[in-house]
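Student: Could you take me through this structure step by step, and tell me how each feature should be read?

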Amino acid sequence: MNNFPGIAFQILQSVFVVLAAPLLVGWVNQCRAWLQNRSAPSLLLPYWTLAKLFHKDAVMARDASPLFRLTPYILFGCMWLAAGIVPVLATDLPFAPAADIIALVGVFALARVFSALAAMDIGTSFGGLGARREMLIGFLAEPAMLMTLFTAAFISGSTQLTTIVDTLAHREFTLYPSLAFAAVAFLMVLLAENARIPIDNPTTHLELTMVHEAMILEYSARHLALIEWAVAIKLFAYVTIGIALFAPWGIAEAGDWSALPVAFAALAVKLALAGAGLALIETVLAKLRLFLAPEFLSTAFLLAVLGMLTHFLVRG
Amino acid sequence: MEAISSPLAGSLIVAVFWLVIAALGLAPAHNAAFTRRFAFPLGALAGLVLAAFGLQAVWLPAQTLTLPLGLPDLPFHLRVDPLAGFFLMLLGSVSAGISVYAAGYFRAEPSGRLALINLQYHVFLASMAFVLLADDAYLFMVAWETMALSSYFLVITDHKLPAIRSAGFLYLLIAHLGAIAILLCFGVLHGGRGDYSFEALRAAQLQPAWATAAFLLAFFGFGAKAGMIPLHAWLPEAHPAAPSPVSALMSGIMIKTAIYGMVRVIFDLIGNVRWEWGMVVLAIGAATTLFGVLYALMQHDLKRLLAYHSVENIGIILLGLGMSMVFIGFGHPAAGVLGLIAGLYHTLNHAVFKGLLFLGAGSILHSTGMRNLNDMGGLVHSMPKTAFYFLIGALAISALPPLNGFVSEWLTFQAALQAPLLQNGVVRSLLPLFAATLALAGALTAMCFVKVYGIAFLGRPREPTHRTPVPHGGDASGMERYGMAWLAAGCFVLGLFPTSFLLMLNRIGVSLTGQGLSEQALESSWLWLVPTAAEEASYSPVIFLVVIVAVTALAFLLVRRFYHGRLRFADPWDCGFPEQTSRMQDTADAFGQPIRHVFGPLYRMQRDLPGPDDPAPRYFLKIEDHHWYWLYLPVARAAEFVSSKIALLQHGRISIYLLYSFLTLIALLVFVR
């Protein structure tokens with residue numbers, strides 16, 4: 001473990017992800033505004049929103065328990081941890097072996113459970129409603145997510161995200177049919193897990209449709225800022241997992257510092273494309289009824305299983 | 001002296017000591033303080049000693065001992081090997097926490113009843129120890145039946161309630177069906193040769209067909225005790241009926257003796273495991289897992305809900321064991337040992353966190369008199385310490401890192417990911433699907449415990465609809481808290497230091513299959529959990545916990561440093577509707593509504609939605625188990641029909657019975673000659 005540059009890079013990378021995450025949200029919002037013929041907000045608007053929220057005085061319900069106050073920090077910590085595991089710029093992450101893809105899914109589950117518990121803490125009807133819906137989406141998305149990741153794990157013979165990315169980045173450019181299935185499944189899980197259209201609408205406060213927003217209704221000021229920030233990191237982490245699994249080209253290898261600028265440019269291009277794609281999806285699709293979410297996510301699960309079976313059948 | 005400190009003699013002494021405590025409790029029958037202050041704490045201490053001996057036994061070669069007790073020419077054989085040692089450790093360490101808790105829990109019991117509870121409780125513990133120590137079918141069955149009977153009497157502690165009597169009857173019935181199957185299994189293994197010592201049964205060479213018959217008998221016989229479907233029906237009835245420490249004991253430990261029996265008979269006595277058997281175990285395990293958690297989500301009685309989760313967790317254990325059998329059957333003992341380790345690790349984990357959760361449920365019951373989740377709410381304010389321990393148990397059972405439930409599910413996933421080793425294409429692609437079942441069950445468990453914790457502990461108190469007199473209303477008492485703290489610490493230790501347990505369980509794998517995990521897995525340091533090879537998979541719960549605590553604390557400090565900690569308290573937002581009451585919070589039934597929507601056909605549902613003009617609207621929902629109507633009731637009706645026909649023979653007149661004897665004699669003379 002005497003890998004000082006590695007550890008330094010590890011810390012730098014996770015800080016970079018934490019700081020850059022709101023930028024991706026800003027970019028998606030900007031693209032969506034363009035697509036919808038609106039004049040776009042500034043790319044930096046999420047940062048200004050966070051700064052505004054941090055400066056405000058927090059208001060909290062009288063019945064709140066310590067769990068409610070602690071949850072925003074736990075969410076932020078979980079997402080920061082996730083940001084540390086995912087290879088974004090390089091695969092040289094000395095900390096990554098501490099948590100493989102199954103543990104990564106576990107981190108997201110931990111965050112989900114805490115946010116659902118905090119939502120039920122105040123005892124308003126909205127909190128419970130949001131928690132129930134969030135857990136519904138969560139239990140549907142988690143098996144699909146694991147199946148997608150298992151397909152990649154079978155291809156590379158490892159559940160370490162860094163090893164998977166190393167293996168996938170070094171294959172010759174052939175289309176793996178199993179990965180194609182897995183990629184579609186992963187995209188569907190990404191939309192569901194990050195409370196995007198068509199499963200949830202991040203911009204709505206309509207009680208009939210909101211899921212994630214219903215859970216955080218009681219939060220304000222710095223607590224809300226931390227949650228919003230954690231949500232941005234989660235989106236960033238999911239998009240970079242997708243990039244790492246399905247388009248890993250250009251990522252820097254262990255010890256190869258000169259490749260970092262290229263990796264950085266490649267990442268910026270890929271993120272820009274992914275953000276534009278997300279905005280496109282959110283523009284052309286409408287939100288599904290809540291009880292169509294099981295169908296949506298079981299489709300994702302079936303696609304992931306198909307991908308895995310394809311891998312066993314054609315070995316690719 | 002050496003003999004006394006050996007694990008076998010030590011465990012035997014502890015078991016006998018439990019019997020002595022049981023008997024002593026009877027002597028000063030009017031002195032409840034004796035039982036509370038001495039019997040239960042001493043029993044807990046003995047449990048710790050037993051755990052130490054069990055731990056020692058895992059690392060030593062097998063020891064045997066013959067006791068000149070029992071029938072003439074049928075002495076009791078005792079033996080302790082790594083497998084038995086591991087389960088002795090489980091029994092000792094988990095029962096220690098539960099016994100300490102019981103010392104506090106039974107404080108309001110009248111002395112006569114308490115003496116009886118003490119008797120049955122410690123006989124129950126001792127009989128479980130003898131089940132684990134037995135080395136012949138005779139002692140095993142004696143101990144097994146003692147265990148069933150003593151737990152039956154514990155279940156019907158409140159025997160004045162008819163519901164509890166019928167729950168006890170159902171338990172006894174299914175326990176005996178299982179016992180018959182186990183007895184027949186020993187008969188098949190014995191095959192009319194030699195004696196009934198496990199040594200002889202192990203040496204017997206069986207035809208494949210007979211071996212499969214023995215496997216099926218052992219699997220369903222022990223499965224009845226473990227609570228796998230379709231033999232689970234007693235579990236959600238009997239566990240809630242018993243006093244909470246007994247529920248913890250039954251759910252945490254007793255159903256694990258069935259897992260012990262399965263591993264002992266299938267891996268050890270029958271031997272030559274076939275992969276087809278593994279597929280049977282996997283199929284039933286997956287069904288048990290899903291079914292258990294889906295029904296748990298529908299419960300609003302806290303203890304019934306926990307009982308259904310025991311069904312689910314038995315399924316998870318069976319998934320591990322089944323994978324192990326598949327790999328061993330195909331000739332991959334290293335992967336097989338990994339599956340076995342995953343299953344056994346989950347056995348220990350489930351004992352710890354389910355014990356903790358049942359104890360927490362007991363404290364709620366004691367403090368508020370409530371078992372129905374729909375009546376609870378806001379308990380975190382009135383019982384903060386119980387709420388803390390319960391949260392640990394809830395996170396552990398939901399398989400969230402870095403607690404213990406996650407480790408065993410992680411190991412099960414890793415076992416499933418060894419699937420490419422298998423030669424058979426169908427089995428190879430089925431194995432990850434079983435892993436997907438596990439993922440689904442894990443996520444559903446998380447949902448279920450969000451429901452339990454959110455509704456019972458968080459939110460605001462709901463108006464109780466039918467309130468029993470409240471005993472005291474405060475937090476759990478000191479002894480109760482020590483018991484829960486012990487098990488909660490277990491959740492952390494098992495979750496944070498899995499490598500030492502991995503090495504321990506590997507010993508069991510070596511002793512049963514002759515092979516163990518790969519060199520690389522065994523050489524990894526305590527910090528890293530590596531099941532196969534470091535580049536394939538690794539997990540470090542300590543680093544995980546340290547990082548998550550560090551970044552959470554860092555976030556907290558940064559926010560405080562750069563901004564401020566100003567906070568105002570106000571009423572919650574009323575959504576523009578000021579007449580909100582605490583009755584408008586989600587209930588346990590409401591929380592399960594999406595599940596009913598998605599998995600509707602799996603439930604037998606009776607629902608009554610009031611119309612919009614109903615002046616006194618009352619929502620009614622009743623969820624029942626399909627198994628009752630598809631399996632149990634038809635079987636019960638058939639049994640009733642057959643016995644009513646047989647009853648025609650009974651007339652109660654001596655002359656008719658003499659006629660029967662005469663006819664039998666004639667028939668025998670004709671056929672036998």
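**Reading the two chains**

Tutor: Let us begin with a turn: in the hairpin of β1(B) and β2(B), which has two residues between the strands, B:Asp73 takes a positive phi near 65 degrees. This is a predicted model, in which local features need pLDDT of at least 70, side-chain atom pairs count only at pLDDT 80 or more, and totals for chains, interfaces and linings use all residues. Residues are numbered from 1 along each chain as its sequence is written, while chains are lettered from A and ligands numbered from 1 in the order in which they are written.

Student: In which sense do strand β1 and strand β2 of chain B pair?

Tutor: Strands are DSSP runs of E with at least two residues, helices are runs of H or I with at least four, and both are numbered from the N terminus; two strands pair if DSSP finds at least two bridges between them. Here β1 (residues 63-71) and β2 (residues 74-80) of chain B pair in the antiparallel sense over six bridges, and B:Gln63 has B:Val80 as its bridge partner in β2(B).

Student: Which strand of chain B pairs with β1(A)?

Tutor: β1(A) pairs with strand β3 (residues 567-570) of chain B, in the parallel sense and over four bridges, and A:Val59 has B:Arg568 as its bridge partner there.

Student: How many residues of each chain are in contact across the two chains?

Tutor: Two residues are in contact if their C-beta atoms, placed from the backbone, lie within 7 Å. By that rule, 68 residues of chain A are in contact with 63 residues of chain B. The largest share of the side of chain A that touches chain B, 17 residues, comes from α5(A).

Student: Which residues have the most contacts inside the largest nonpolar core?

Tutor: In soluble globular proteins, nonpolar side chains tend to be buried together. A nonpolar core is a set of buried Ala, Val, Leu, Ile, Met, Phe, Trp, Tyr and Cys residues joined through C-beta atoms within 7 Å, and a residue is buried if 20 or more other C-beta atoms lie within 10 Å of its own, exposed if 12 or fewer, and partly exposed in between. The largest core has 365 residues, and those with the most contacts inside it include A:Ala304 and B:Ala129. Leaving aside neighbours within four places in sequence, A:Ala304 is in contact with residues including A:Ala144, A:Met147 and A:Phe181.

Student: What share of the residues in chain B is buried?

Tutor: Buried residues make up 55% of the 673 residues in chain B, a chain with 26 helices and five strands.
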